[in-house]
Structure formats: structure tokens, C-alpha cells
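Please read these notes with the model open beside you. They run point by point, each on one topic.

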Amino acid sequence: MLSRRLATQSRGYATKVSAKDFPGKVSTLTIKVNAGSRYATKDGISHLLSRFNFQNTTARSALRLTRESELLGGEFSSTIDRDSIYLSAKFLKEGLPYYVNALSDVLYKTSFKPHEFPEVVLPAAKYDLSKANASPIFKADELLHSLSFRNGLGNPLYYDGVQKISLEEIKEFANKVYTKENIEVIGSGINEADLNKFISESSLAQLPTGSSLSSSSVPKFYQGAESRIRASGESVAAIAVPVKTEEFATFEVFSAYLTSALSDVVVSDAKLNKYSQAGLFTLFVKGDASQVSENIKKVALLLKSGVDISSASGLASTKLALASEASVVPHQVDVSKVKDFKLGKFNYVAIGDINNLPFADEL
Amino acid sequence: MLSARTSSVTKNSVLNFKRSIATSYSKTQFTSLSNGITVATESNPAAKSATLGLWVGAGSTSENPYNNGVSNFLNNTIVSGASKEAAKLGLQFGGQTAKEFSAYYTQGLKSSLPQALDLLNAKVSSLDLTSESVLKQRELTTKAIEHFEENDHAGRVLEHLHATAFQNTPLALPTRGTVETVSELIQSDLESFHRKNFVSSNTVVVASGDVKHEDVVELVEKKLKIQTGSAPEIAEAKFLGSEVRLRDDTLPAAWVSIAHQGEALSSPNYYVAKVAAQIFGDYNYHEPISRNLGVKLTGVVGENHLADTYNHFSLSYKSGGLWGFATETSNVQILDDLTHFTLKEWNRLSVSITETEVARGKQLLKNKVLFELSSPLAVANDIGSSVLATGRRASADEIFAQIDKVDVSSIKKWAGSRLWDQDIAVAGTGQIEDLFDYMRLRNETALLRW
């Protein structure tokens, strides 16, 4: 009876809420906002907005938020990927009312104080970028996304200062993405009825209505592109293939095959990045330029000649099970029917000592 | 091959917010079999994968200065030898070496548990090494050690901290071994180490995630064959105040760690020391949240950029522990200020720590203990290492009750005997010209007045 009434309420505020309860003491609460870098109105604006989360709100200062949360022992985080901004809190179960309230206030009541932008948000954003750019694999990954999708999924993940962004623009973006229809609340270790009740009492219920930005069309794929960047440090050669959702299974198995002992080639990492409506398979070889050159040629030779990857489907299911345990929104992929793989057109990136790294047409 | 793969996978923390599924922390179930093997499991109804492994009480403390690194070398060899077969069965095979144990585990679906146990039996319990794979793994292992020594400065400082604090006792030996020792080891060294240490009373079979205790026990009884025998004696750890400096002005920063003698795993003050470390916690200059933390030390460190990062720890082992902090700073000219203000704050634990600070530390510790168990593998590792060290694993309720018992007076009493005017171990590398000499640091462990 009670739960039915609450369910009606949940439709009343048009925000998708889901929660699973487990025995135990810890809860995780995540608000997923369709506001990742693919939806950015200017390059890097999602990243800046994500860094504005948990700053001063009209309800409580950033200092008060930190100090209150410390007394409960919980942790906040705001992270981004290409699809979404994730505002998350991890806490002991009894902290649920506080954390629902605190997370909702971040969405509805952030003050966007002018001094916070240059003093807090920009330095933090710069730190994220410099940390990420220390890895040549990250640089290659960014470039491969850009080559494969150009706009949307090809937008840079982090703010790099190439396009200037003002505080006003961040506020506008926040108003656009923090709407009832554009967010989803996901709880784990939380009773769904309780969650609905606390949400209806929180400022999430007062969020303006808008429309979901979630992309419903398949983005355009670009293939056969190449890019090379000189850089000091370790060299990376990388290959990417944009993937339709119906091919996800093949590339999951293929990634499992390449990164396991089943294949004889040496790759530093191979994975399928799954986004809504599309994915990008990426493969990286990292190290000393001469070694990278040798290894990427072997990999390309193997892939172009076609490989039987059916032996890796069991391993792929294991990896998917492990990944779904750790991810906020698990993807379901059936890998049982995958047989073999042959590489067609691809995008290629070389970073580092590029005079000693092969060109795409030499692979 | 495998280590090259796993080590080069970069993880971007900003991209990876991990959901915690292992929130259940249900009871650990134990069965001791007649042949001396202990089976310990924790099932998690939310898990989709099953982790099964052997945790063996054979880490670097089971080694001597001449075969140092053998447990790590053996681990690498077994894991690389088993991973292809494991992959064919749909299993991920992994391993880990620590100071007091090494672990061998498979991750897969529940349905493949019997094959997983067959594999563990064939590859770990009854060793099957080829001279070719041993030679290849020796090369890869020494390369990995070299990479660690050249790149992981914080990790290296922590190893040297152990080496100086526990000098001439087993805890001093580096977990991975050194290039010099490992490159001298041969196949028979691995085999004799295995014979001596991989015995029934020194092994725990651990399963976690989507598993049932009875099923695992039945499988182990039927399939696992481990030679019976008792665990070899390991000498007690002894703390000695001392320092080691590896100054290298070509590095871009300074990495320093200072520690007092801490608490052993079985010590009644284990949680007192943990709470004391949590009161100061972790710090990252670049994270905005660091300016708002309720820790007095962060005020002076943040305002003057005394450190880029620091973390306080209370590390515990079977017969000893270390309590202190490790820091990295690019602001190397004021390293002396950093150590001064940090040690002065530690003094406060003995004389003027407040109710609020202790309450905050206790609450954060309770959360942290559970947050760390965020995957079936993390749970399995916790089960395996605690059962090997103490013969049991405390439930979440027990841990909470122990933490609740800590109060201002117990912190002051503990700090008064462990920290106040007590010897320290110091280790540092990078630009450490401004790291005070031992006696000046030692003198900071007490106040002349309060």
C-alpha cells in the first residue's frame, strides 16, 4: 500500500529512480546527469560544472558540507565521462536522509560564486588535466575519440582553456542539464521506498522540468584517419574502431582476447568504451619506440588476417560480470555467439618518438 | 608477459567512480578440514562473479637475505604459467605478494568453480615449473623491480622505511626482492621455498562473491591436495629508531616518510592506533576539499603549500607495526616546516587531542574499513590475510564495537607510550637537503612545555 503511493509520487516528479537493497552497512547513492562531454556547449564545460559540484550552495557552504559529512564519515565525488556527470556519495546506511538532501541541494542550489571560479574550480580543473596528460595513453585516447567522432563523443573530456568559458556560461549549462528529466538517481544498498520518500522531500522535487538530453541517434563514424604528436617520455601507438551497439559483443570478446594470455601479441590495454548509441574500441601499445613499432605491426598483421576469438567468450563474460559489479549503470551484452574478428578500416594515432613509430599505411 | 600487460594499464581515477557492491559484509564462514586446511568464505547475494583462491603465509618475511624476492618471483611464475589455461576456461587468474602472505586466485562465474579449483590444485598446490618459463619470468621480474625502483618513489621510500625500522628482522626485506637477489635465484630455489611454505596449516582457501560455503568445502575436500605440515617459524620483528636517506636532486620533488613503532595485528591497541592515524588522515593540496577538512594540520600545510600530498598510516603485521605518515612535496625548501608542524600535531595526541577530533576520526575509520571492501577480490584478500595472521576475521559489528571503545583517554594513553619522546624511523628520497637530521626530528617528538 505504502509502496504504491510512493511509486505514484515518483512519477510525479518525473525523475527516474532505481535502488537495490542489500544486507550490510554501506550505501552508494549516485545521480547520473546526461551532461558528459558529448553534450558540452563549449569544450570542457562539463568538466568545469563537475568541479563546481560540492562548492557553496545557498543552503550550506562548502565548508559546512565537508564538516557535516565528516561527522557521518561519508565521501562525495563528482566525476565525468563522455556520457554523464556522476554525483556520488558513499556512506553508512543511516546517513541516507542527509546525503539525499545534500546531493539534491548541489543540483538545485549551487551558488556559483564569482570568486570560486578562478580560485577553486579552475585550479582543480587544471590539476585534473595535467594529471591525465601525464599518461600518453590518455592523450592517445582523446585523439582517437576526436578522430572517430569529431563532434559530440569526440569532444575533449577536460577543460583545456582552448575555448574560453565564462561563469555565466557554466550557470546556463547547469540550468539546462540539471532538470528533472535529464537526471537519474541510482541507489545501491538503499531501500527504494525510503529513497523515493526522501527524494520527494528534497530539492530534487523542485528541480525545473526540461527535457532529456540523452542522445537517441547514432553519431556519424569517421574511419581511416591518422594523427601523430611528438612528445617526450614513453611512446604510444594506438588503434581505434568506432562500434555500433549491435557489435558490442564482438568487441567485448575481442578486448578480452587481446588482453589475455590467449593471444601472443603484446598490448598495453585494449577495451571497448560503451556509450549510449555507439562505442569506441581502443587498443594501445606503450613503451620504447622501437619496441612499440615492432609490437603494433604484429598486432595489425594479426587483426587484418582475421582471428578466431571464440575461445575468449568465457573470459569476456567473466570480465563483464566483474565490470558490472563495479559500474553504476551496467551494460548487458550477450557474448555467447561471437566467433571471429577481422579488422577493417580503423583510426590510428602515434604519440612520442614519432620518427621511429610506423605510419598507418605501414601497418 | 602478463606483468607487462597489467602494469601498463592506466587507470584514470576521475573516470572511474566505483560502485561498492560488497556492502554486505555478511558473516565469514569457516571450516577447518582434517588435513589442516582452513576454508573461509563470504557470500554476497549481489555479486555476479565468484573469486576463489589460495592465500599462503609465504611473503617476504618468510625469506632470508639470500633468497629475498623468491615469493614474488614464484608468484609471477605461477600466475603467468596458469593464465592461458585459465583464460580458456573463462577464468581470470591473478596473484599478489605481500610482506606476510602471497595470494593466488581465480575470478570467474560460479559455474566454473570446479575447474578453478582444479587449476589452483595443479598450478599452485602441486608446482609444475619449466626451466624455460622460470628463466623468462626471472628476466621479467627483475625488469619489474627495476621499473619500481626507478619510478615509484613513494613505494620505494615505504620499503626503505621498513628496511631501516625493522633492520635485521624479516619485515626489513623488500616485498619484491632486489634485482641483485632475484637475478641469482634458480628453479630449485623456487621449488624448495614452495616445499617449505606451501603446506596445509599455512594455507587458507578463500572464496567470496557468488559462492556457497558448503559447495566450496565439498570441492576442496574432493580436489585440493596440499602437503601436510606446519607453518615455518618466523622471527619477531624488532623496531629500531634509525634513518635512511637516498638524496637525489635530479628528481622533481621530495618523498619522505617518518614513523614510530606501531601496533601488531593482534594488539589490543590496534584500533586506537588506527583512529589516531585517521584523525590526521590524507591530504591532497590540489583537491578543493582539502581546504575544508576538520584537521588542524591541513590549515598550516594548505596556507603555505608545505606538501603536495600526505597520508597517515597505521600499518600492522603479525609481530609489529608502523605508525606515521608519508608525504610528497615539490616545495622542497620548506620540508623542515612540514616535518616540524606534523610532528608538533602528533604531540597533541598525547596532551591536547579533543573529543571532536577523536569522534570524527572514529566515524571516518568505520566508513573506511567498509569502503575498502568494494569488490569480491578485496573481500577475499581481507579474509585471507586476516585468517593467516590472526586465525580469524572480525565481523563489521565487532570492528565497530572496537572502534566505539576508543576515546580521548585511550588515545592519550597510547600516544603517551608510543609517540611521546619515542624513537622514529625516517626514510626519504628526492630533493631532501632540507630534511632535518635525525636528532632534530627525534627532539620534535615531545614538547618542552604544554
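1. Records first. UniProt positions are given in the numbering used here, feature names are shortened, and annotations may be inferred rather than shown by experiment. With that in mind, the UniProt annotation "domain: Peptidase M16 C-terminal", from an unreviewed entry, covers residues 189-365 of chain B. The UniProt annotation "domain: Peptidase M16 N-terminal", also marked as an unreviewed entry, covers residues 39-178 of chain B. For chain A, UniProt places "domain: Peptidase M16 C-terminal" (unreviewed entry) at residues 164-294.

2. Ground rules. This is a predicted model: local features need pLDDT of at least 70, side-chain atom pairs count only at pLDDT 80 or more, and totals for chains, interfaces and linings use all residues. Residues are numbered from 1 along each chain as its sequence is written, while chains are lettered from A and ligands numbered from 1 in the order in which they are written.

3. Make-up of the annotated spans. Helices (H or I, at least four residues) and strands (E, at least two) are DSSP runs, numbered from the N terminus. Residues 39-178 of chain B are 47% helix and 18% strand. The end C-alpha atoms of that span are 33 Å apart. Residues 189-365 of chain B are 38% helix and 24% strand, with end C-alpha atoms 42 Å apart. In chain A, residues 164-294 are 30% helix and 28% strand, and the end C-alpha atoms lie 41 Å apart.

4. Chain B as a whole. Chain B has 16 helices and twelve strands. Its C-alpha trace spans about 65 × 45 × 45 Å along the principal axes. A compact globule of 450 residues would have a radius of gyration near 22 Å, and chain B agrees, at 22 Å. (The radius of gyration is taken over C-alpha atoms; the globule rule is 2.2 Å times the number of residues to the power 0.38.) Of the 450 residues in chain B, 53% are buried. Buried means 20 or more other C-beta atoms within 10 Å of the residue's own; exposed means 12 or fewer, and partly exposed is in between, with C-beta atoms placed from the backbone.

5. Contacts within chain B. Two residues are in contact if their C-beta atoms, placed from the backbone, lie within 7 Å. Among contacts in chain B with a separation of 6 or more, 81% join residues 24 or more positions apart.

6. Where do chains A and B meet? The contact takes 54 residues from chain A and 51 residues from chain B. On the side of chain A that touches chain B, the elements giving two or more residues include strand S2 (26-33), helix H3 (62-72) and helix H11 (313-326) of chain A. H11(A) gives the largest share, nine residues. By type, that side of chain A divides into 25 nonpolar, 20 polar and nine charged residues. (Ala, Val, Leu, Ile, Met, Phe, Trp, Tyr, Cys and Pro count as nonpolar, Asp, Glu, Lys and Arg as charged, and the others, Gly among them, as polar.)

7. Helix H10 (residues 296-303) and helix H11 (residues 335-351) of chain B pack at about 170 degrees, with axes 10 Å apart. H10(B) is therefore roughly antiparallel to H11(B). Axes are lines fitted to C-alpha atoms, for helices over the stretch in contact, and angles run from 0 to 180 degrees between N-to-C directions. Angles under 35 degrees count as roughly parallel, over 145 as roughly antiparallel, 65 to 115 as roughly perpendicular and the rest as oblique. H10(B) uses B:Lys296, B:Leu297, B:Val300 and B:Val301, against B:Leu338, B:Phe341, B:Thr342 and B:Glu345 of H11(B). Five of the contact residues are nonpolar, one is polar and two are charged.

8. Helix H2 (residues 70-88) and helix H7 (residues 187-197) of chain B pack at about 100 degrees, with axes 10 Å apart. H2(B) and H7(B) are therefore roughly perpendicular. Among the contact residues are B:Phe73 and B:Leu74 of H2(B) and B:Leu190 and B:Phe193 of H7(B). The contact residues comprise five nonpolar, three polar and one charged.

9. Backbone points to check. B:Asn168 has a positive phi, near 65 degrees, and is not a glycine. B:Asn168 sits in the loop between helix H5 (153-165) and helix H6 (179-182) of chain B. B:Asn168 counts as exposed because it has 10 C-beta neighbours inside 10 Å. B:His305, also not a glycine, has a positive phi of about 45 degrees. B:His305 counts as partly exposed, with 13 C-beta neighbours inside 10 Å.
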